[in-house]
Amino acid sequence: MASTLYPPAAVARYNGVARTLHWAIALAILFNLFTGIFGESFEDVWASMPSHKATGLLILVLSIARIGWRLLWKRPDYPAGFSAFQRKVAAATHGTFYLLMLILPVTGWIFSSAGKYPLSFYGLFAIPKLPFTKGMAIVGAAHETHELLGYGFAALVVLHIAAAVYHQWVLKDGTLQRML
């Protein structure tokens, strides 16, 4: 058993709904980052874009639910040893995550709506296309924004995971237990 500097009972955890939404969205984001960045590499084996698009819209719906839940339920306090700087970085990181969880699906929906392929939610039902066509400036801007923010999101995910590992195994301050 690993030694820790905090007693397990002292760790204030997120509630079950918040934790479930966090991990469901996290897995969906990892899937979409992988298929978005590397999807063309294995297109001959599996056409991942329909699943990528459906998962993006799932992320949008789950993120709206998560934000709604966050407004209704107070998150636990940071561990006692968190400095003011750590609190600001954590708040900025989480705020950026929330923005990206909304902006990326919307920009993807915009430029996918201008495409020739129908949008489907994993083959279960059709997703309505937004009223945009290929030649519109917003479609090109949405596509570029989606790609650039996707790479930024990937970097933020790596930073987030690195911070969780650092808190868990270097600082041993109980931060990771808040979301487990």
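Modeller: Helix α4 gives the most to the nonpolar patch, with three residues. This is a predicted model, in which local features need pLDDT of at least 70 and side-chain atom pairs count only at pLDDT 80 or more, while totals for chains, interfaces and linings use all residues. Residues are numbered from 1 along each chain as its sequence is written, and side-chain values use heavy atoms, with hydrogens and water left out.

The patch is formed by Leu27, Leu30, Ile161, Val165 and Trp169, which together have about 510 Å² of accessible area. Such areas come from the Shrake-Rupley method with a 1.4 Å probe, and for residues only the protein chains shown count as cover.

Two helices, α1 (16-38) and α4 (137-171), each supply at least two residues of the patch. Helices (H or I, at least four residues) and strands (E, at least two) are DSSP runs, numbered from the N terminus. Leu27 lies in helix α1. With a relative accessible area of 58%, Leu27 is exposed; buried means under 20%, exposed over 50% and partly exposed in between, with a 1.4 Å probe and protein chains only.

In the segment after α4 lies Asp173. The side chain of Asp173 makes a polar contact with that of His167 at 2.7 Å. Another polar contact of 2.7 Å joins the side chains of Asp173 and Thr175. A polar contact is a pair of N or O atoms within 3.5 Å; within protein, one must be able to donate a hydrogen and the other to accept it, and residues adjacent in sequence count only if both atoms are side-chain atoms.

Conventions: Patches are made of residues with over 30% relative accessible area and no salt bridge: like charges are joined within 9 Å, nonpolar side chains (Val, Leu, Ile, Met, Phe, Trp, Tyr) within 5 Å. A salt bridge is a side-chain nitrogen of Lys or Arg within 4 Å of a carboxyl oxygen of Asp or Glu.
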